[in-house]
Every structure is written in structure tokens, then in C-alpha cells.
Amino acid sequence: MREKIIGIDLGTTNSCVAVLEGGAPEVITNTEGERTTPSVIAFTDSNERLVGRLAKRQAITNPKRTIASIKRQMGTDHSVKIERDGKVEQYTPEQLSAMILQKLKKDAENHLGGKIKKAVITVPAYFNDSQRQATKDAGKIAGLEVMRIINEPTAASLAYGLDKSKEQTILVYDLGGGTFDVSILEIGDGVFEVIATDGDTHLGGDDFDQRIIDWLVDEFRKDSGIDLRKDASAMQRLKDAAEAAKMELSSRKETTIHLPYITADASGPKHLEKKLTRARFEHMIDDMLQRTSSTVEATMREAKKSAKDIDQVVLVGGSTRIPKVQEMIASHIPGKINQEINPDEVVAQGAAIQGGVLAGEVDEIVLLDVTPLTLSIETLGGVVTPLIERNTTIPTEKSKTFTTAGDNQSSVEIHVLQGERKMAADNKSLGKFQLVGLPPAPRGIPQIDVTFNIDTDGILHVTAKDKATGKSSSITIKESSHLDESEIEAMRREAETHAEEDSKKAKDVEARNQADQLVYSVEKSLSELGEKVSQEERGKIEDQLRSVKDKLSQDASADELRQAMEELSKHAQRLAEQAYKQTATEGSETSSDQEQKTDKEENDGDYVDAEYEEDN
Amino acid sequence: MTNRKKQPEGVDKKGKANSSEKTETSTPQEQLLANKDEEILSYIERLKRLQAEFENYKKRIQRDITTISEQVSDQLIADFLPLFDNLRRAFDSLDENNATQSFIDGIRGIFSQFDQLLKQKGVAPIMAVGKAFDPVRHEALLSTESKEEKNTIIEEFERGYFRSDRVLRPSKVKVSKGMIPPEEEKP
């Protein structure tokens with residue numbers, strides 16, 4: 001196995017480590033079970049060194065020997081004096097950063113089960129040479145060979161694979177817990193160049209939390225006359241609740257902050273309950289968002305770029321989850337935002353990709369394509385049955401077994417389709433072929449294996465083979481991957497918008513198929529049982545059969561059909577029981593036959609032209 | 001990619017040439033090379049298939065993990081629903097007949113039901129007051145002078161919990177600084 005090179009996002013408030021596994025970046029969970037690690041270091045009374053969550057928890061008891069945000073001091077000759085057993089020890093920012101790196105290294109080693117010696121570390125685009133050198137030195141102290149220092153915005157762009165497309169201009173908006181950066185990059189031939197960068201080193205999500213806390217404290221004082229600021233425990237609960245409310249408001253328009261028994265006075269316990277709407281929250285932080293907005297404008301001016309020159313926008317940092325932040329960016333540069341990757345992890349992921357490239361892990365062989373759209377065949381009622389789901393990595397092969405829909409059907413048509421819609425007619429037809437010469441058999445008996453094989457070049461080979469006779473027929477489709485990006489996107493969008501009506505349509509078809517199957521098998525049982533069924537019973541069943549058939553011919557809704565089917569199957573079941581009782585006394589041969597039949601009814605309930613099993 | 005596409009074509013031609021009338025002109029070395037080429041191609045093909053299969057396997061595992069974690073959440077939430085039902089019953093009955101004492105008794109019952117459920121799930125409280133502060137289990141919100149020994153927890157603001165030996169949530173506590181002599185901070 002090749003030596004792994006980890007990617008590290010060494011942040012001001014939090015750090016994150018990732019590694020390339022099987023061609024894709026994976027974030028490594030630390031020993032505390034978290035995907036990011038607070039960038040906090042502490043020295044305890046017992047000469048223990050704590051890094052991360054534990055250091056943060058004890059900060060209040062040990063403020064003089066707890067260090068946070070050391071990144072702000074990188075590249076300066078600042079030193080941190082730690083008093084220990086009467087002696088004063090001095091630590092440089094490099095040494096302290098190294099302690100964070102060491103923890104990340106150890107967590108990565110635990111995860112990967114081997115020694116890690118090499119890393120790619122990210123720094124802000126505005127870091128100067130001495131700050132970069134300091135970061136490199138920190139790595140060295142931690143026992144890591146720093147293979148490369150890359151800019152955080154570059155790493156984020158790498159995570160989105162933006163180096164693979166043509167020359168373009170990228171704007172990276174990074175709003176973290178305590179810092180804000182905007183960078184504009186130009187990329188060509190896989191080389192990134194930062195052409196402008198700006199920011200605010202003291203602005204971030206923590207400030208937003210503080211606004212909510214302030215508001216809650218003010219409101220509570222108005223209501224109860226009590227100032228919660230003097231109550232450390234209450235303030236901690238407010239802080240947690242404020243952060244939770246902020247997060248909730250990214251997905252909901254309104255949230256309620258409940259803090260029962262928040263405090264008490266002479267009159268008894270007091271509870272805090274406040275509704276906070278998204279609009280109100282947005283109003284609270286509006287001035288700060290405006291500041292980031294003017295920074296974006298200033299950076300664009302500095303880069304001499306207008307909105308239309310920006311090809312991509314990449315969001316970094318947890319605070320970019322706030323809808324208003326995205327709205328604001330979209331108002332500057334509409335329709336170009338990349339935000340699919342977790343914004344807390346995107347920088348570390350990009351660093352891991354860079355690490356993978358340097359380790360020689362990313363070469364041509366591992367860069368495999370995926371099928372952009374689902375490939376399916378048409379089955380009874382015009383519904384599609386997918387063989388290869390979209391986003392499946394190729395080359396790949398998938399098979400499913402199908403059967404016939406009619407008695408003595410001598411051929412089947414295989415209609416190959418591409419797209420996400422549920423009805424065949426709404427998807428793109430790639431080709432059709434026939435498998436002929438099936439021996440006469442009742443419906444549902446023949447087994448036809450259909451195999452989809454996409455080779456490395458994206459060419460689709462479809463084969464249908466009758467298991468009984470071994471007869472087969474096939475088609476090769478070359479243009480399956482010839483849709484361009486915009487076509488694919490359009491098809492995907494269309495599928496999304498039609499998803500609901502499609503699934504209703506598919507349900508209708510499914511119900512029709514079930515009804516059809518039920519009618520067929522009940523009629524078959526009736527004719528097989530012949531005299532064994534009482535005249536009365538036969539009459540009832542025939543009535544219900546007619547009712548289901550009528551509904552089928554009238555194109556009744558799925559619900560109506562289901563109702564009629566339910567009635568029919570109740571009686572049909574009685575029929576089966578009756579027959580079973582009689583045959584049980586007559587001999588085992590027929591009884592097993594009957595059993596098989598009811599079994600089949602259940603199996604084939606879903607589709608008439610049903611799959612038996614999935615081979616692959 | 002373009003490189004690789006050309007490769008098989010070249011070999012194909014060679015293969016055809018070999019099988020046709022020119023067989024006698026190809027030396028054993030050439031034949032060997034052609035065979036090796038074919039072998040390499042088949043290995044590359046197999047490697048790609050394996051790699052693609054692995055990618056698809058990862059995607060499937062990812063989907064499975066999502067499904068499983070949803071199911072685990074569902075199960076957990078279902079276990080807590082009876083508590084919610086009972087609370088609702090308590091409030092409904094309070095609205096109906098305003099029997100405060102029986103309401104309080106009911107809430108006590110629900111609380112002990114809750115307690116029992118947590119125990120069943122392996123949840124146990126973290127001891128705090130009187131213990132030495134330990135950042136693995138405790139989170140310090142305040143640190144004040146007191147007669148207690150330095151680093152001893154003197155108040156618990158919010159209880160913490162373990163599950164098995166994992167910390168579900170640390171206790172939020174007040175920690176003693178000890179008695180600080182007036183002139184100097186430390187001896």
C-alpha cells in the first residue's frame with residue numbers, strides 16, 4: 001500500500017483532518033467522536049497536555065495555561081509563557097500549533113491503523129511567507145513532513161473538482177466561527193492563482209450567537225426584571241440554546257427557545273420561552289452580513305472582476321449554512337454557488353485530495369466515470385424498472401430476471417431507457433430489441449435474464465437471455481453518454497418536479513397490474529376447481545371479477561381498484577381454502593400444486609411483468 | 001483517457017495481423033509482446049472493474065448507513081413516545097378536573113418511567129459535586145475561591161451522563177480555586 005498523505009485544515013477555532021480513501025476524501029473522526037477538533041491547547045496542574053474538546057472544557061478553571069486561537073499569532077515572535085511548578089516555560093506559536101497537529105496526526109493514525117508521516121496543511125490566502133514557514137515548521141515539530149502548504153480557498157475549490165474544468169474564476173466565501181475571508185482565484189491548467197483576498201479576522205458565527213444571547217437577555221429582563229448576565233449557569237444554557245436556535249433557523253422559518261427554570265427570584269422559579277423567527281434573526285445580524293457583503297464587493301473591485309466574470313462560488317465555514325448568507329451572495333453573483341460539500345469539512349477534504357495527488361494515488365486509473373442518469377427497461381404498463389441507478393461508477397454490470405405478461409407469449413421486447421422519470425414515455429429511449437422463440441408457457445413462468453453492461457468507454461451492452469432455452473439477443477448502445485451536462489441537468493430537474501405525479505402514475509399502473517394479475521389467477525383457479533366450487537360461491541366471485549374488470553376498463557383510480565381487488569381477494573382466498581380442504585383429502589399432488597399457486601400470487605403481486613430476483 | 005482508448009485498438013490490429021496470413025513473419029518475441037499486451041489490457045480492465053465495484057460498494061454502504069441510522073433513530077424515538085403520551089394524558093386530565101395533587105403524582109410517575117427507560121438504555125449520571133474536576137467528564141462554567149480543595153467541584157449546574165463508558169454529555173460545573181492568599185497568587 002502507498003504511504004498516505006493526510007490533509008489538515010488548521011483553523012483558528014476548529015481544525016479538521018481528512019484522507020483520500022479509494023479515490024474520495026474521508027474526514028477522520030477524532031477520539032472524542034467529532035469530525036472537527038477545537039484548536040485549543042491546555043497544560044494542566046498534573047503536567048498533562050490537553051488538546052481539543054477537553055482543553056476547551058477546562059479553560060475556565062485554568063485560563064492562564066489554556067491557549068486558543070494561536071493561529072492569529074503564527075509568524076510573529078509572540079511567545080506564550082506557561083507557569084508550571086514555579087518555572088516559566090515559553091512556547092512559540094509553532095510549538096503550540098504543533099500540539100494541535102500532533103493530535104490530528106494521532107487521530108488519523110488510529111483511524112488508518114499505521115504511522116502517518118506526511119501531510120498537506122492549509123493556510124489562509126493572506127498568510128505571508130513567514131506565516132507559511134511557521135506553519136511548515138509546526139508540522140515538522142509535530143513529526144510531519146509538510147509536503148505542501150496550500151491556500152484554504154484553493155483547497156475548497158479542489159474539493160469541488162474545479163481544477164478539472166477549463167480556465168475559470170472562482171470566488172470563495174469563507175465565514176467560520178470567528179473569522180471571515182473572501183478570495184478570488186483564477187485557475188488554468190490545474191494551477192490556482194489568488195488574485196485578490198480580503199476579510200475580517202474577528203467576525204463569524206460566534207458573533208451571531210452573541211446577538212441571540214443579547215436579545216434573549218434583554219427580553220428576559222423586560223419580562224421579569226432579572227439580569228441573567230450575572231448567572232453563569234443561565235448564561236451557559238443561553239449560549240447553547242442560542243447556537244441551537246441559529247442552526248434550527250437554517251432549515252426552519254421559526255423556532256422556540258425553551259429554557260424552563262432558567263433562574264429564580266423571591267416569587268419562585270422563572271422560565272424563559274421565546275419565539276425567534278428567521279426574519280428577526282436575519283435582522284439581528286444584518287449589519288454583520290452587510291459588512292461581509294461590502295468586503296465581497298471590495299475584493300471583486302480589487303480583482304477587477306464583475307459578477308459575470310465569476311464562474312463559480314464556493315462556500316466554506318459553518319455560517320454559510322445561514323440562508324440569508326447564501327441569498328446575499330446570490331444577489332451579487334446569481335446561480336453559481338457550490339454548497340454540496342459540508343462547509344466545515346470542505347477545506348480538509350481539498351487538502352486530502354492534494355495529498356492524494358502528491359502520493360500518486362490519484363492517477364488515471366482511479367478517475368472513473370459515473371453514469372449520469374438511470375438506465376432502465378420498460379415493463380408492463382409503461383413503467384420503468386431500473387437496472388443501473390444514476391451515479392453508479394462504471395465499468396459495471398447489473399442483471400435482473402423478468403418474465404412474460406401473457407400466456408404463451410413467444411417473444412419479449414426489451415426497451416432500453418435513460419432517465420429518472422417513472423413512466424417509460426417520459427424518459428429517453430436508447431433502443432429496442434426483441435427476444436424471440438420463447439417456448440409456449442403460462443405467463444409468469446419463463447425466466448428472462450436481462451443484463452446491462454457498461455464498459456470503460458461508457459458503451460452500454462444489453463443482453464436478454466431465456467433461461468430455459470438459452471436463447472439470447474442483444475444490443476449495443478454507444479450514445480448513452482452523449483448527453484451534455486446541461487441536458488443531464490435538465491432531465492434531472494424535470495424528474496424532480498414531476499416526482500409526485502410520476503409516482504402517482506406509477507402507482508396507478510402498479511394497481512392495474514395487480515388487478516390484472518388477480519383477475520387472471522382467480523379465473524384460472526375457478527376453471528381448475530370446476531365443480532368443486534359451489535354455484536353460490538362461483539356467482540359471487542364472478543360478480544366481483546366483473547366489477548374489477550369494469551374498473552380496469554374504465555381506467556379507475558388506484559384507490560378504487562384496490563377496493564374492488566380487496567373484495568375479490570377476500571372471496572378468492574376462501575376459494576383457495578375451500579379447494580385446499582377438499583384436495584387435502586384427495587392427495588398431496590394437487591395440494592402442493594395449489595399451494596404453489598397462492599405463493600406465486602403473492603410474489604407477483606407488485607408487477608405482472610415481474611422481477612423474480614436480483615442476481616446482482 | 002484518450003491514450004488508453006487508443007491502446008486497445010492498436011493491439012487489436014496487431015492481434016488480427018497475427019491471426020491472419022502474416023503469422024509466419026512475427027517472431028516469437030513479437031508474439032510474446034502481443035500476448036503480454038493483451039494480458040496487461042485484461043488486467044487493466046479487471047482493475048477498473050474492481051475499482052468501479054468498490055466505488056459502487058462504498059455508495060451502497062453509505063446508503064445503508066443512512067438507512068440504518070434512520071432506523072435506529074426511529075426505534076429510539078418510538079421507545080420515548082409512551083412518555084410523551086403519558087405527559088399528554090397528565091395535562092388532559094389536569095385540564096378536565098384540575099386535580100393538582102393527582103397531576104403531581106402523575107408527573108412523578110412519568111418521571112420515574114423516564115428514569116427507568118434511561119437506565120434500560122444504559123444511561124447513568126456522572127458524579128460531580130465533591131469530585132475532582134476532570135475535563136473528560138466535566139465542563140467548567142465557573143471557577144471561584146472556596147474552602148474546598150483546589151480543583152474540586154463545588155456546584156453542578158447541569159448534570160452530565162454516561163452511556164456505557166462514553167460521555168453522552170459532560171456535567172456543567174463550578175470548580176473551586178481553593179483559598180488564594182491575599183498578596184500572592186501562588187507560593
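This is a predicted model: local features need pLDDT of at least 70, side-chain atom pairs count only at pLDDT 80 or more; totals for chains, interfaces and linings use all residues.

Colleague: Okay, back to α4(A). How many of its residues are buried?

Modeller: 8 of 8, so to speak a mostly covered helix, spanning residues 152-159 of chain A. Buried means 20 or more other C-beta atoms within 10 Å of the residue's own (12 or fewer is exposed, in between is partly exposed), with C-beta atoms placed from the backbone. Among the buried ones are Glu152(A), Pro153(A) and Leu158(A).

Colleague: And the largest nonpolar core, which residues touch the most other members?

Modeller: Ile8(A) and Ala351(A), in a core of 78 residues. A core here is a set of buried Ala, Val, Leu, Ile, Met, Phe, Trp, Tyr and Cys residues joined through C-beta atoms within 7 Å. Helix α2 of chain A, residues 93-112, gives the largest share, 7 residues. There's also a second, separate core of 22 residues, including Leu387(A) and Leu435(A).

Colleague: What is Ala351(A) in contact with?

Modeller: Skipping neighbours within four places in sequence, its contacts include Gly7(A), Ile8(A), Val120(A), Ile150(A) and Ala155(A). Contact means C-beta atoms, placed from the backbone, within 7 Å.

Colleague: Switching to helix pairs. At what angle do α8(A) and α9(A) pack?

Modeller: About 30°, with the axes of α8 (residues 286-302) and α9 (residues 323-332) 11 Å apart. Axes are lines fitted to C-alpha atoms, for helices over the stretch in contact, and angles run from 0 to 180 degrees between N-to-C directions. That makes α8(A) roughly parallel to α9(A). For the wording, under 35 degrees is roughly parallel, over 145 roughly antiparallel, 65 to 115 roughly perpendicular and the rest oblique.

Colleague: Who makes that contact?

Modeller: Leu289(A), Ser293(A) and Val296(A) from α8(A), meeting Lys324(A), Val325(A), Met328(A) and His332(A) from α9(A).

Colleague: Now chain B. What's its secondary structure?

Modeller: 3 helices and 6 strands, in the order α-α-α-β-β-β-β-β-β along the sequence. Of its 187 residues, 13% count as buried.

Colleague: How do α2(B) and α3(B) sit together?

Modeller: Their axes come within 10 Å and cross at roughly 175°. That makes α2(B) roughly antiparallel to α3(B). Leu83(B) and Leu87(B) of α2(B) are among the contact residues, as are Phe103(B) and Ile107(B) of α3(B).

Colleague: Last one: how many residues of chain B are in contact with chain A?

Modeller: 28, against 23 residues of chain A. α2(B) supplies the largest share of chain B's side, 11 residues. That side divides into 13 nonpolar, 5 polar and 10 charged, counting Ala, Val, Leu, Ile, Met, Phe, Trp, Tyr, Cys and Pro as nonpolar, Asp, Glu, Lys and Arg as charged, and the others, Gly among them, as polar.

Key:
Residues are numbered from 1 along each chain as its sequence is written. Chains are lettered from A and ligands numbered from 1 in the order in which they are written. Helices (H or I, at least four residues) and strands (E, at least two) are DSSP runs, numbered from the N terminus. Two residues are in contact if their C-beta atoms, placed from the backbone, lie within 7 Å.
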